[in-house]
Amino acid sequence: MTGAELVVQILAREGINEVFGYPGGAIMPIYDALYESQVTHYLTRHEQGAGFAAVGYARSSGKLGVCMATSGPGATNLITALADAMMDSVPLLAITGQVPTAAIGSDAFQEVDVLGMSLSCTKHSFMVERSEDLAPILQQAIHLAQSGRPGPVLVDIPKDIQMGEARYQPWLADDDTQLQPCRDQVNKANQLLSECQRPVAYIGGGVQAADAQAQLMQFLYKTNMPAVQTLKALGSVTPDYELNLGMLGMHGGEAANLAVQQCDLLLCIGARFDDRVTGHLTKFAPNAQVIHLDIDAAEVGKRKPAAASLVADLKASLPQLHCFVTEPDWCAHVSALAKQHAWRYDYPGETVYAPALLNKLSQRLSADAVVCCDVGQHQMWVAQHMQFSHPSNHLSSGGAGTMGFGLPAAIGAKIARPNDMVLTVSGDGSIMMNIQELATIRRNNLDVKIVVIDNQRLGMVRQWQQLFFAERYSETNLSDNPDFVALARVFGIDGQCITHQNQVDAALGAMLSSKGPYLLHVCIDDKDNVWPLVPPGAANDQMMTQANSEEKP
Amino acid sequence: MKHSLTLNLANQTVAVERFLRVVRHRGFKLTALELASKEEDFAIKITVDSDKPIYLLTQQLNKLVDVHSVTTAQLQQQAS
């Protein structure tokens with residue numbers, strides 16, 4: 001057996017049936033081994049598309065995502081997806097071909113030190129130097145990507161190792177007994193919970209990574225604790241939970257941010273006090289003691305000190321918290337905040353109001369639909385105005401904020417969950433960053449619905465230029481965009497364009513009932529902004545809203 | 001604040017690159033470095049300087065697959 005055949009055999013042994021990639025010189029032996037193998041390879045039209053398809057596959061299914069590319073530019077094109085997976089703790093395996101061992105360091109054709117490049121954007125990375133290491137390294141890589149705090153792992157395989165003799169040998173992981181929280185810290189946490197008056201649960205992506213939604217909801221229903229979520233956690237708290245205040249942070253809801261600012265205990269469950277969440281850090285939840293639950297000890301105290309910390313798998317730590325009942329007065333206060341600051345969709349004028357459209361779209365989707373998005377204003381509108389019943393149904397590039405994420409992520413999601421509706425919501429800026437993946441959708445006849453929210457601007461940057469850069473609109477005008485419906489049609493994808501509010505219902509109906517992929521191009525006013533907004537350097541209760549921003553002289 | 005750290009790493013050059021990258025990226029200035037190859041491991045002693053608490057670095061280093069152990073000692077209080 002060759003090394004390349006061994007790679008494919010190990011993927012199959014590990015239950016990996018679907019991979020994404022793009023061939024090239026230094027990975028040709030592996031592509032030869034894939035030919036007629038039981039592992040299905042999906043060809044994307046750019047290696048970055050393969051990386052994000054693997055991320056979408058992983059995030060929508062909870063399984064390992066696998067992508068592959070050749071050496072040099074193939075490998076460098078994967079790097080952005082690795083960085084994205086690193087920031088969002090996504091289990092990902094990247095396999096790259098490398099020039100033959102003897103040529104490494106000679107500046108050979110398509111040679112890049114991908115191992116060196118991977119150091120800052122992977123959980124771990126390997127270069128295989130000997131054939132006998134190939135099997136153990138691949139198995140260890142697959143294990144590492146999915147264990148503890150998940151993340152991307154890269155395996156770089158020189159071409160001579162792929163072509164040389166290799167044999168399978170099993171690799172056994174160290175005993176992975178579930179990490180248990182320290183008893184003293186559990187007692188301290190329960191003491192803090194029993195003493196607090198105004199608790200808030202601050203929920204992050206760790207709940208999905210730990211597959212701990214059931215334990216979380218059990219805790220919330222027993223305690224009736226108000227809950228706020230990060231972008232990545234949306235869906236972890238089910239929409240029927242009455243004290244679900246939605247997203248907090250820079251573009252979070254007013255009720256969510258105010259409740260956190262007023263709380264006296266913040267129960268952080270698998271979150272990391274990211275700067276988009278906290279605003280001015282020392283003014284964040286200024287009266288709160290923090291209990292921090294995370295599997296990664298390095299997150300405890302990294303940004304905000306914790307009075308108690310439970311470093312463990314959330315499935316193990318959540319059930320150890322006492323189920324006291326939250327003070328009814330505090331619950332009533334939080335409910336009143338939620339009512340007072342509920343989203344409004346009474347938009348003046350006749351143009352399409354994107355938040356209202358997305359809210360209507362959300363209401364028409366079944367609970368198991370997957371919504372992907374890109375990065376910018378539309379991403380925040382999706383987070384604010386659509387509802388999710390599980391975090392695997394909302395795929396949004398969080399930590400890295402990578403434009404171009406949405407279309408390939410939707411491809412991966414559709415392949416992972418072929419029976420579920422998959423949509424991607426994009427902007428006119430983001431969609432152009434991986435537009436070539438329309439060819440992947442067509443090639444595989446993937447039923448992916450695409451909504452392009454088009455304000456002919458790089459809208460989020462334009463919004464900041466308006467608010468913080470004296471309306472100097474540097475390089476954010478995209479009024480020379482292509483005709484997106486015509487563009488989709490060139491790729492064999494049907495679609496339509498709408499410009500008025502009164503077209504929304506029919507257009508959503510046409511898209512959702514269409515057979516196969518569909519692109520809905522939605523033209524909106526270029527002056528529509530995302531509200532509320534916590535301006536840079538401010539505390540989260542100093543939100544700018546549409547109303548108070550218009551009061552400015 | 002200066003701290004001395006003793007590390008045992010997997011005996012691979014990339015393990016050294018990997019831990020030094022973390023030291024730099026997490027905001028610690030490297031002021032001394034000793035490295036000795038000992039069979040399976042690299043034995044490493046470094047001195048770092050930063051205003052940040054040292055646990056912010058040791059917790060990140062402990063996450064690295066190639067790092068087998070990290071121990072620290074505070075060396076001196078820097079004159080302010």
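Let me start with Glu39(B), which counts as exposed because it has 5 C-beta neighbours inside 10 Å. By the definition used here, a residue is buried if 20 or more other C-beta atoms lie within 10 Å of its own, exposed if 12 or fewer, and partly exposed in between, with the C-beta atoms placed from the backbone. Before I go on, please keep in mind that this is a predicted model, in which local features need pLDDT of at least 70 and side-chain atom pairs count only at pLDDT 80 or more, while totals for chains, interfaces and linings use all residues. Residues are numbered from 1 along each chain as its sequence is written, and chains are lettered from A and ligands numbered from 1 in the order in which they are written.

Glu39(B) sits in the loop between β2 (29-38) and β3 (41-49) of chain B, where helices (H or I, at least four residues) and strands (E, at least two) are DSSP runs, numbered from the N terminus. Its phi is positive, about 45 degrees, although Glu39(B) is not a glycine. As background, most residues other than glycine have a negative phi, and most peptide bonds are trans.

In chain A, Glu471(A) is another residue other than glycine with a positive phi, near 60 degrees. Glu471(A) belongs to the loop between α19 and α20 (484-490) of chain A, and with 9 other C-beta atoms within 10 Å it is exposed.

What kind of peptide bond joins Trp531(A) and Pro532(A)? It is a cis bond, with omega about -5 degrees, and Pro532(A) lies in the loop between β18 (518-523) and α22 (546-550) of chain A.

Turning to helix α19 (residues 459-468) of chain A, its buried residues are Gly459(A), Met460(A), Arg462(A) and Gln463(A). These residues cover an arc of only 160 degrees around the axis, which puts them on the same side of α19(A); the arc is that of the directions from the helix axis to the C-beta atoms. The buried residues of α19(A) pack against α16 (377-385) and β15 (422-427) of chain A, where contact means that the C-beta atoms of two residues, placed from the backbone, lie within 7 Å.

In helix α21 (residues 504-513) of chain A, the buried residues are Ala507(A), Leu508(A) and Met511(A). Viewed down the axis of α21(A), they fall within an arc of 100 degrees, so they line one face of the helix. The face turned away from that buried side carries the exposed residues Asp505(A), Ala506(A), Gly509(A) and Ser513(A). The cover over the buried residues of α21(A) includes α15 (354-364), β16 (448-454), β17 (494-498) and β18 of chain A.

Helix α3 (residues 47-61) of chain A is mostly covered, with 14 of its 15 residues buried. At 1.5 Å a residue those 15 residues should span 21 Å, and the end C-alpha atoms are 21 Å apart, which agrees; the expected span is 1.5 Å times one less than the number of residues. After α3(A) comes Gly62(A), whose phi is positive, near 80 degrees.

**Annotated spans**

UniProt, in an unreviewed entry, lists residues 186-321 of chain A as "domain: Thiamine pyrophosphate enzyme central"; its positions are given in the numbering used here, feature names are shortened, and annotations may be inferred rather than shown by experiment. The end C-alpha atoms of residues 186-321 of chain A lie 7 Å apart, and the span is 31% helix and 20% strand.

As for confidence, the predictor gives the complex an ipTM of 0.94 and a pTM of 0.97. The mean pLDDT of chain B is 92, with 94% of its residues at 70 or more, pLDDT being the predictor's confidence in each residue, from 0 to 100.
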